[in-house]
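Please open the model in your viewer and keep the selection tool at hand. This tour goes from one selection to the next and says what is to be found at each stop.

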Protein chains: 2
Amino acid sequence: MNWGAIDRYAKSLIKEAGHKIRVSFYKTIDVESKAEANDLVTNIDRDIEQFFIRKIREKFPDHRIFGEEGFGDEIKSLEGVIWMLDPIDGTMNFIHQKRNFAISLGIYLEGVGILGYIYDVMNDDFYHAVKGEGAYFNDERLPMLENTPIEEAVIGVNASWVAPNRRIEHMPIVEMVHRCRGTRSYGSAAIELAYVSSGRIDAYMSLRLSPWDIAGGMVIAQEVGAIATNMKGENPHLLGQDTFIVAKSGLHEEILKNYIVLK
Amino acid sequence: MNWGAIDRYAKSLIKEAGHKIRVSFYKTIDVESKAEANDLVTNIDRDIEQFFIRKIREKFPDHRIFGEEGFGDEIKSLEGVIWMLDPIDGTMNFIHQKRNFAISLGIYLEGVGILGYIYDVMNDDFYHAVKGEGAYFNDERLPMLENTPIEEAVIGVNASWVAPNRRIEHMPIVEMVHRCRGTRSYGSAAIELAYVSSGRIDAYMSLRLSPWDIAGGMVIAQEVGAIATNMKGENPHLLGQDTFIVAKSGLHEEILKNYIVLK
């Protein structure tokens, strides 16, 4: 497997897709709801996913594609090479803000992340990593993360997970929110993973994410020593939705042990 | 009063201060806690405030300055011209992220906001307004906001206000969080006010803000038709801390009426 060639091709596709997205703001963006009212999709999400699929199949016909919009392959196993793609992670931000969204891509071999990319399109911020070879923010090598105690930690957690919900006990999360230095919520799992990887926040958690939301970011996060698991402390499920937490290593343990109580 | 001259001078000071802040990342940043452990301040916040004060006093010796770091005047009344300044709004972001902070400045005459500025330093995004003459994002005129029903609204609210607290009943806020399209939290009141003014989010609320956090943003928000009040629906207190909510006009009424229950 020539991973160097795959890496170069993936990077060029992402940059070209970013350009297409920026140009799309001069065209009409059609917004639709998916299964849930606030799960939005646009013609641009679909166009960008189809662009990737066409280009990947042209060059790597034996690779499979697991994309948010469903134009790729039906993925029921993690065999071979799989491109896990969210063409626009943070579609709500894309629609409402025209910023703060990202292209998220992870390329996995037999279920193991080899290449990871997060492209914050409007800031032209490109986070990327090759397993075992370190992670980069644009051309700058990202340093290994040092631990931060919870009292000094800034944690990415959406207000909706602090409210009563059916997945975790919310009162320990309330305690965590009060204990930590502060919380943030940016509305894009990919950008929040990129922020953890670059030390801008110390942890990020969500109660429901899909493989394409986290596949790229997990490769990057692991290269700087962050720990990414589901809320049981296991590898996140890569064939369907799961809970998720990524954090600096000691902080990950502390949050899981003291503040996450699954229902 | 030559407001044109004051406006031009304020803009040039803000741009120069932004440059000083960007350069400061090459120097040592000393971090200290203020009264509360998570209320942080750095030597840069202090340097920038002192730079403004020196420059303002040089040119407008009869204007008073109400600044977050306390180097300005002791302000006990709103008489005359007051520059309400937060040299770095979002100090925690400044320290942890080196981005997502802003210079916030409002210039008030007898308690009425005449000039407003928010400068997102690292994005070089400048929001500014003159009372009665419209608001601008860089060189672009910001359009008047159209209302958004709560079901389609993205609301800036920090997780800590969704938890039980001593200011408002948290269960109606939980209901609001579930009812709206989504929530965000960026860690800078000034940037969140700028986001409301430019239509990127539809409302923003906080249970405790100081005059310098909101003074600049309120001038901008009002020029695009947003309503900014405390949670009683009154003008926010400009001499001390208060609750705060800014939103598109119908949405402001809806949130105050249905979701804010003061204790």
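Begin by selecting A:Lys248 together with A:Glu146, where the side chain of A:Lys248 reaches the backbone oxygen of A:Glu146 at 3.4 Å. This is a polar contact, a term for a pair of N or O atoms within 3.5 Å, where within protein one must be able to donate a hydrogen and the other to accept it, and where residues adjacent in sequence count only if both atoms are side-chain atoms.

Before going further, note that this is a predicted model, in which local features need pLDDT of at least 70 and side-chain atom pairs count only at pLDDT 80 or more, while totals for chains, interfaces and linings use all residues. Residues are numbered from 1 along each chain as its sequence is written, chains are lettered from A and ligands numbered from 1 in the order in which they are written, and side-chain values use heavy atoms, with hydrogens and water left out.

**Around A:Lys248**

A:Lys248 sits in the loop between strand S14 (242-247) and helix H7 (249-259) of chain A; helices (H or I, at least four residues) and strands (E, at least two) are DSSP runs, numbered from the N terminus. Leaving aside neighbours within four places in sequence, A:Lys248 is in contact with A:Leu145, A:Glu146, A:Asn147, A:Thr148 and A:Asp202, contact being defined as heavy atoms within 4.5 Å. Is A:Lys248 buried or exposed? With a relative accessibility of 9%, A:Lys248 counts as buried, since buried means under 20% relative accessible area, exposed over 50%, and partly exposed in between (1.4 Å probe, protein chains only).

**A buried residue of chain B**

Now select B:Ile82, which lies in strand S4 (residues 81-89) of chain B and, at 1% relative accessibility, counts as buried. If residues up to four places away in sequence are not counted, B:Ile82 touches B:Arg64, B:Phe66, B:Ile75, B:Ser77, B:Gly106, B:Ile107 and B:Tyr108.

**Salt bridges**

Side chains of opposite charge can pair when their charged atoms come close. A salt bridge here is a side-chain nitrogen of Lys or Arg within 4 Å of a carboxyl oxygen of Asp or Glu, and by this rule the count comes to 19 salt bridges over all chains.

Select A:Glu175 and A:Arg179, which form one such bridge with their closest N and O atoms 3.9 Å apart. These two residues are separated by about one helical turn, because they are 4 residues apart in helix H4 (residues 170-179) of chain A. A:Glu175 is partly exposed, with a relative accessible area of 42%, and A:Arg179 is also partly exposed, with a value of 38%.

Next, select A:Glu74 and A:Lys76, whose side chains meet in a salt bridge (3.3 Å, N to O), and both of which are exposed.

**Two loop residues with positive phi**

Most residues other than glycine have a negative phi, and most peptide bonds are trans. Select A:Lys98, in the loop between helix H3 (91-97) and strand S5 (102-109) of chain A, where phi is near 55 degrees, a positive value in a residue other than glycine. Then move to A:Asn138, in the loop between strand S8 (135-137) and strand S9 (140-141) of chain A, where phi is near 50 degrees, again a positive value in a residue other than glycine.

**Where the chains meet**
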